[in-house]
Amino acid sequence: MFKFRTEGYNGYSLQWSPFFENKLAVAGSANYGLVGNGRLFILGVGVGPNGVAVERVFDTQDGLFDVAWSEANENQLVTASGDGSLKLWDTTLADFPIQNWHEHQREVFSVDWNLISKDMFVTGSWDHTIKIWRPEMPRSLQTWTEHTHCVYSTAWSPYNPSMFASASGDQTVKIWDIKSPRSMQTIHAHTNEILSVDWNKYQDNTIVTGSVDHTIKVWDLRRPDREVICLPGHEYAVRRVKCSPHKGNIIASASYDMSVRVWDMAAPVPMVELHDAHTEFVLGVDFNLYVEGQIATCAWDENVHIMTLPSLLRR
Amino acid sequence: MSSDAAFQAFDHYDFDKDDRFQAGLPSLLKNQEGKTESERLELIQRARWFYYTKFVQAFDYTEYQQWKINRNPTDNNISDKQDDPVQAKDSSTDDNETPKRLTFQEIVERIEKGEEIPGIKQIPNKLNEAAPSEAKLSARPKPWEVQQRSSEAIDSSSGTNDENVNSNPTNSHIL
């Protein structure tokens, strides 16, 4: 396992590059994101004496809560900030962003880049709104205000370029088509806040949710009246869920119980990995797109962990 | 030797008078034209670490960096400061003070009392004036797209897909 310390910054989110299998972006906030600066780390994995080398850092006035690599330009990525701003960075240019948007009225908790059209990204905010953006446009393209509480998570469909999901503190998940002013579908997925949603990469009607109720649920959008499977096990809120890019039955989750777990929803005993080396809330987890079995995690303990899980290769 | 002592010894090692190290330096710096000063300093510092670890004494570079950051800035002499990539990088944005770390509860209490939180840097709210990079790489197929295409390829006996799969250096052996 590689470890990297995000000294002075509590990890909020991380994402592997969609272009380079050894590049990782980590979004962090000073003072647990309550007040103070943010920092975006661009890390080279498998580089240098310790297995992780800093390629670039970008500092921001306010904490960073999420990050998404551009799917169109291998050097660019967008961050979501506590002051409501979004910033587009170019890793070839030091210090300052190449674009800055400030429309959200409160913390932006999620940003996700479109996997298919690759020309836009979606953001979710504590101001209850969802917005979509194009990197070259000075204003957002569209805003949706249907959720009645904070939007914590937004995720594009891997199969339909105009469809995305959102998860909210109003205990619902909504499915959207960007061509429509209203949501296509609303699922009352949990009886507590929903902090994370992701799409299954191999079954285009399947999504996964993680909630403050400690559970992960898998949903078939064609039969939304109840979940396909509920995965209990975490002892506190589930902060992030991610579906494996390599296998349709594998899910990773990060939790306020300080653990990261990997689940095989097709197995009789679904929990297949328990990583408990973090010593604070774990907020970020991501699968390497091009190195099967490798995952990265980040936590409030100011540590990034990068590990290869042999059990994932066997499944 | 404690790591503290090792780090200090490394800081005070005279690389300028080490002929073997100096001999290797030009080739290292040959292709660094486009790099910023802090990137060059980082490279030199890493080269020094690599050399020192190989020929003098081994130590953990991350721990060394942490030690460097945590050290009282007044201990640094001027040449130290120029040689330190971390500080070189930070000097443009702050004064390098590392304040005492507060717990979550302490921060909450300070916010509730309206007290100042130490160590907040002022970052200019401005855009980069340089020209952004142009995309050079074409999109790399996702694993699920590759699997889908290979099954389609089998159906149609077409072998022309997935030219991009190997367009990037493969480092999958790194772990």
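Q: Which residues of chain A does the UniProt annotation "repeat: WD" cover?
A: The model shown is predicted. According to the UniProt record, an unreviewed entry, the annotation covers residues 57-90, 101-143, 144-186, 187-229 and 231-265 of chain A.

Q: What makes up residues 57-90 and residues 144-186 of chain A, helix or strand?
A: Residues 57-90 of chain A are 0% helix and 65% strand, and their end C-alpha atoms lie 11 Å apart. Residues 144-186 of chain A are 0% helix and 47% strand, with 14 Å between the end C-alpha atoms.

Q: Why is the contact between B:Lys121 and A:Asp59 called a salt bridge?
A: The rule asks for a side-chain nitrogen of Lys or Arg within 4 Å of a carboxyl oxygen of Asp or Glu. In this pair the closest N and O atoms are 2.9 Å apart, and the contact counts as a salt bridge. The pair crosses between chains: B:Lys121 is in the loop between helix 7 (104-112) and helix 8 (143-156) of chain B, and A:Asp59 is in strand 5 (residues 52-60) of chain A. By the rule, the count over all chains comes to 25 salt bridges.

Q: How do you know whether B:Lys121 and A:Asp59 are buried or exposed?
A: Buried means under 20% relative accessible area. B:Lys121 has 8%, so it is buried. A:Asp59 has 10%, so A:Asp59 counts as buried.

Q: What makes the contact between A:Arg139 and A:Glu103 a salt bridge?
A: The cut-off is 4 Å, and the side chains of A:Arg139 and A:Glu103 meet at 3.6 Å, N to O. A:Arg139 lies in the loop between strand 12 (130-133) and strand 13 (142-144) of chain A, and A:Glu103 in the loop between strand 9 (99-102) and strand 10 (108-113) of chain A, so the pair ties together parts that are 36 residues apart in sequence.

Q: Why is A:Arg139 called exposed?
A: Exposed means over 50% relative accessible area. A:Arg139 has 55%, so it is exposed. A:Glu103 has 11%, so A:Glu103 counts as buried.

Q: Which residues are linked with A:Arg5 in a network of salt bridges?
A: A:Arg5, A:Glu7 and A:Glu302 are linked in a network of salt bridges.

Q: What makes strand 19 of chain A largely enclosed by the rest of the structure?
A: Of the 6 residues of strand 19 (residues 206-211) of chain A, 6 are buried, so the strand is largely enclosed. Both faces of strand 19 of chain A are covered: A:Thr206, A:Val208 and A:Gly210 are buried on one side, and A:Ile207, A:Thr209 and A:Ser211 on the other.

Q: How do you know that strand 18 and strand 19 of chain A pair?
A: Pairing needs at least two bridges. Strand 18 (residues 194-199) of chain A is joined to strand 19 of chain A by 5 bridges, and the two run antiparallel. In strand 19 of chain A, A:Ile207 is the bridge partner of A:Trp199. The two strands form a hairpin with 6 residues between them.

Q: How do strand 19 and strand 20 of chain A run, and how many bridges join them?
A: They run antiparallel and are joined by 5 bridges. A:Asp220 in strand 20 of chain A is the bridge partner of A:Thr206. Their hairpin has 4 residues between the strands, and in it A:His214 takes a positive phi near 80°.

Conventions: Residues are numbered from 1 along each chain as its sequence is written. Chains are lettered from A and ligands numbered from 1 in the order in which they are written. This is a predicted model: local features need pLDDT of at least 70, side-chain atom pairs count only at pLDDT 80 or more; totals for chains, interfaces and linings use all residues. Side-chain values use heavy atoms; hydrogens and water are left out. UniProt positions are given in the numbering used here, feature names are shortened, and annotations may be inferred rather than shown by experiment. Buried means under 20% relative accessible area, exposed over 50%, partly exposed in between (1.4 Å probe, protein chains only).
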